[in-house]
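Thanks for coming, everyone. Let me put the model up, and then we will walk through it piece by piece.

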Amino acid sequence: MTFQVYDTTLRDGAQREGLSYSVVDKLAVARLLDDLGVGFIEGGWPGAVPKDTEFFQRAGTELRLKHAILVAFGATRKAGVAVETDPQVRGLLDAETPAVALVAKADLRHVERALRTTAGENLAMIHDTVRFLVAEGRRVFVDGEHFFDGYRHDPAYTAAVLETALAAGAERFVLCDTNGGMLPSQVTAAIADVTARTGVAPELLGIHCQNDTACAVANTIAAVEAGVRHFQGTANGYGERPGNADLFAVVANLQLKLGLPVLPEGCLEQMVRVSHAIAEIANIAPDTHQAYVGAAAFAHKAGLHASAIKVDPLLYNHVDPSVVGNDMRILVTEMAGRASVELKSRELGLDLSGHPEALSTVTRRVKELEAGGWSFEAADASFELLVRSELPGRAAPRPFALESYRVLVEHREDGAVVSEATVKIRVRGERVIATAEGNGPVNALDEALRVALVRHYPELRDFELADYKVRILEGSHGTGAVTRVLVETAGAGRDWTTVGVHPNVVEASWHALVDALTYGLSRARV
């Protein structure tokens, strides 16, 4: 039994209000989704969105996917336009992905009122585009937009859309609950009816659910139970309006509750790490009460629960938390995650299994730092530096010692705002003082530090500050709040993320910048 786990975080999930991925973010999210073992990653709409076009251009050389196939998303040819000359279809080919996804109108009302074309022309648009892309060697998925609403309105026409796509060579026709209004029983009934009407096997269908009734996960599972073998979702349920089906909940339910082999062996336990890392990249606080992956998903208050858990943890947990990479917690004291620390360290090439004291120290330090607001979920570089500092002979050498730094912000008469930073450091026994300007205090500090170091470490010329994120931590208020800073640095064909936390945003940024340079230099000299 083969399942197609199809992720659309980078396209449909990116439509969430307030969410905006940079190209670097999109590449990082794609790597994380591949770690989870998804089969397909929909990267965006090339040709229509410049950022997505750049993503596919860079993905060809920068992504080394182990499990996933990259998918470009687009629409069928326009009405009255030859498919060979349609620039949007050409954009799909130029993305050079093995697979493409086409959105097609499956509701006659949308065909006539939104597309302003005829029922027959819409079918021709689907047929021509699918056949053309298949002839060009692409695997084609067709998303039947508004399928369920269209099937209620005119089942014969919506069934014809499905049949046309498959007859033209589409690998799957995806039933889309675009408005998110379905309930599980309605999804099951529609699948049973359309397969009986058309004779199409449910294995040739897919499911894509929005969450407007809070049933997206349940609707997706209902479709799989009805025989569908292709299902779509997004990380953490990100998406427009209330969002999409949460891919993590769908996968965990199918694999753990129904015993279906939807992910490669060993991937399910990456779920918490991937979920939290993507949340950090999206600059959205992780949902602590999210099923399976939330910090509170397996948390219990002291008392009756705690006493029962001492006898058998599964008495109050519906699954073993470790199977999805989570930990059980008693809400009196935080439990340290030794297994998670050891697993993550091994992934980074640092085996702590033979160093129990170091493992205990790192676990304790992670616990202490995270209690203070630090987060290593999306900051692998800072975590690796912490682990290496506790392993004999493996600590990354600090490239300098700080004497002091100072940052000034000047608002000039002409309205210009300029930041200036001065750093005083010691490098290899030499005292160095450097000053630089920037468009903000952190940029100025970064520039001054590079000026001070580049003579001793010419590798820094290849390092670039790729992204910078600031978050006010939960429970903090106003201008006196504690802030967390994530700095993403690129250089030498790779990128890495570091974290800093402090009530002063500049000091938090300093911690992240120092870790970024320390990590980058240690890697450059390996």
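Which backbone oxygen does the side chain of Thr363 reach? The oxygen of Leu359, at 2.7 Å. That is a polar contact: a pair of N or O atoms within 3.5 Å, where within protein one must be able to donate a hydrogen and the other to accept it, and residues adjacent in sequence count only if both atoms are side-chain atoms. Thr363 sits in helix H14, residues 356-371. Helices here are DSSP runs of H or I, at least four residues, and strands are runs of E, at least two, numbered from the N terminus. Thr363 is buried, at 3% relative accessibility. Buried means under 20% relative accessible area, exposed over 50%, partly exposed in between, with a 1.4 Å probe and protein chains only.

Some ground rules. This is a predicted model: local features need pLDDT of at least 70, side-chain atom pairs count only at pLDDT 80 or more, and totals for chains, interfaces and linings use all residues. Residues are numbered from 1 along each chain as its sequence is written, and side-chain values use heavy atoms, with hydrogens and water left out.

Now the barrel. It is closed, with eight strands running E1-E2-E3-E4-E5-E6-E7-E8 in parallel pairing. Two strands pair if DSSP finds at least two bridges between them. From one strand to the next, the twist averages 25°. Look at E7, residues 205-209, and E8, residues 230-233: two bridges join these parallel strands. Gly206 has His230 as its bridge partner in E8. Helix H9, residues 216-225, packs on the sheet and touches E6, E7 and E8. The direction of H9 makes about 170° with that of E7. For such angles, axes are lines fitted to C-alpha atoms, for helices over the stretch in contact, and angles run from 0 to 180 degrees between N-to-C directions.

Next, the cores. A nonpolar core is a set of buried Ala, Val, Leu, Ile, Met, Phe, Trp, Tyr and Cys residues joined through side-chain atoms within 4.5 Å. The largest has 97 residues, and Phe55, Phe173 and Phe231 have the most contacts inside it. Apart from it lies another core of 34 residues, including Trp496 and Trp510. What does Phe55 touch, leaving aside neighbours within four places in sequence? Its contacts are Leu10, Val23, Lys26, Leu27, Ala30, Gly43, Leu63 and Leu70. Contact means heavy atoms within 4.5 Å.

Ile191 is in helix H8, residues 184-198. Ile191 counts as buried, at 1% relative accessibility. Beyond four places in sequence, Ile191 contacts Leu175, Ala223, Ala226 and Val228.

On to H10, residues 247-257. Eight of its eleven residues are buried. Those buried residues pack against E1, H1, H9, E8 and H11. Asp246 caps the N-terminal end: a side-chain oxygen lies 3.0 Å from the backbone nitrogen of Phe248. Just after H10, Gly259 takes a positive phi of about 65°.

Cysteines next. Cys209 is buried at 1% relative accessibility, and Cys215 is buried at 16%.

Now the open sheet. Three strands, order E11-E12-E13, antiparallel pairing. E11 and E13 stand at the edges with a single partner strand each, so one side of each is left without a neighbour in the sheet. Ten bridges pair E11 with E12, residues 417-427. Ser404 has Lys424 as its bridge partner in E12. Helix H16, residues 441-453, packs on this sheet and touches E11, E12 and E13. Its direction makes about 35° with that of E12. Helix H17, residues 505-524, also packs there, touching E11 and E12.

Last stop: Arg471, in strand E14, residues 464-472. Is Arg471 buried or exposed? Buried, with a relative accessible area of 12%. Its side chain reaches the backbone oxygen of Ile284 at 3.2 Å. Not counting residues up to four places away in sequence, Arg471 touches several others, among them Glu280, Asn283, Pro286 and Thr483.
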